[in-house]
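Welcome, and thanks for taking a look at this one.

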Amino acid sequence: MARPRNEDEYTNSKTRLLDAGLEMIRSGSYKSVGINDVLKRADTPKGSFYHYFDSKKGFGLAVAKHYHTDQLESARSILRQDGRTAIERLKAFFQSALDYFESHDFSQGCLMCNLSTELADEDEAFQALLKNHWQVLSQEISYCIADCDKAQIGLVHLSDQEVADWLLNSWSGALTRMKAERSASPLKLFLKSTFKESR
């Protein structure tokens, strides 16, 4: 008879692998991350990796889903927060991301930005997953935009969804330059340009 699986141990080991992969891909790239490096970072036995994932690609997709789940939960907690105006919630969403990157000395990029740049035009599975993740996050932002006075950010000529897409597009570009420069300047310029009427 097979030994019953310890669900807590199973989940914790898998989560450690996902967290390790997430940190390493954000700091470097998907292609630069080796399975043995992940196992060492996660302090997990070598045989564990293929117990959870069928390949490095499967692992990479799981890391992207893991990141998206956490990111969406965090976004909703800010963008739907009671007691603040919609424009305050929107600004707080981007400010919280800046604070995170600053706490890591700007050495970690956005996982979705990193993977989109590195893999979206090479691998259909990553392309489809990332496209969905961008759309879901943009839609969440658009719900907040619907309660905003778009004149405060100078985008009254755009629909709520277009504003959300434009903000994410601009923010993603700022994140790419942030990582290249290891500097807050691109992100601060985004905030200064976008929320100039809401201070």
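A residue counts as buried when its relative accessible area is under 20%, as exposed when that area is over 50%, and as partly exposed in between. With a relative accessibility of 10%, R89 therefore falls in the buried group. Please keep in mind that this is a predicted model. The protein has nine helices and zero strands, and 45% of its 199 residues count as buried.

**Overall picture**

- Along the principal axes, the C-alpha atoms fill a box of roughly 65 × 35 × 30 Å.
- Among contacts in the protein with a separation of 6 or more, 66% are between residues 24 or more positions apart.

**Surface and charge**

- The accessible surface amounts to about 10,900 Å², and carbon and sulfur atoms hold 48% of it.

**The largest nonpolar core**

- This core has 62 residues, and the members that touch the most other members are L90, F94, L115 and I141.
- Helix 4, which spans residues 56-79, contributes the most to this core, with nine residues.
- Setting aside residues up to four places away in sequence, F94 touches L167, W171, F190, L191 and F195.

**A closer look at R89**

- You can find R89 in helix 5, which covers residues 86-103.
- The side chain of R89 comes to 2.9 Å from the backbone oxygen of R84.
- Apart from neighbours within four places in sequence, R89 has contacts with I78, L79, R80, Q81, R84, C144 and D147.

**Two loop residues with positive phi**

- D43 sits in the loop between helix 2 (35-42) and helix 3 (49-52).
- The phi angle of D43 is near 50 degrees, a positive value in a residue other than glycine.
- D43 counts as exposed because its relative accessible area is 66%.
- R182 lies in the loop that links helix 8 (160-181) and helix 9 (185-194).
- For R182, too, phi is near 50 degrees, again positive in a residue other than glycine.
- R182 has a relative accessibility of 44%, so R182 counts as partly exposed.

Methods:
Residues numbered from 1 in each chain as written. Predicted model: local features only at pLDDT ≥ 70, side-chain atom pairs only at ≥ 80, totals over all residues. Heavy atoms only, no water. Helix = DSSP H or I, 4+ residues; strand = E, 2+ residues; numbered from the N terminus. Buried < 20%, exposed > 50% of the residue type's maximum accessible area, 1.4 Å probe, protein only. Polar contact = N/O pair within 3.5 Å; in protein donor to acceptor, adjacent residues only side chain to side chain. Contact = heavy atoms within 4.5 Å. Core = buried A, V, L, I, M, F, W, Y, C linked by side-chain atoms within 4.5 Å. Areas by Shrake-Rupley, 256 points an atom, 1.4 Å probe, with all protein chains shown as cover.
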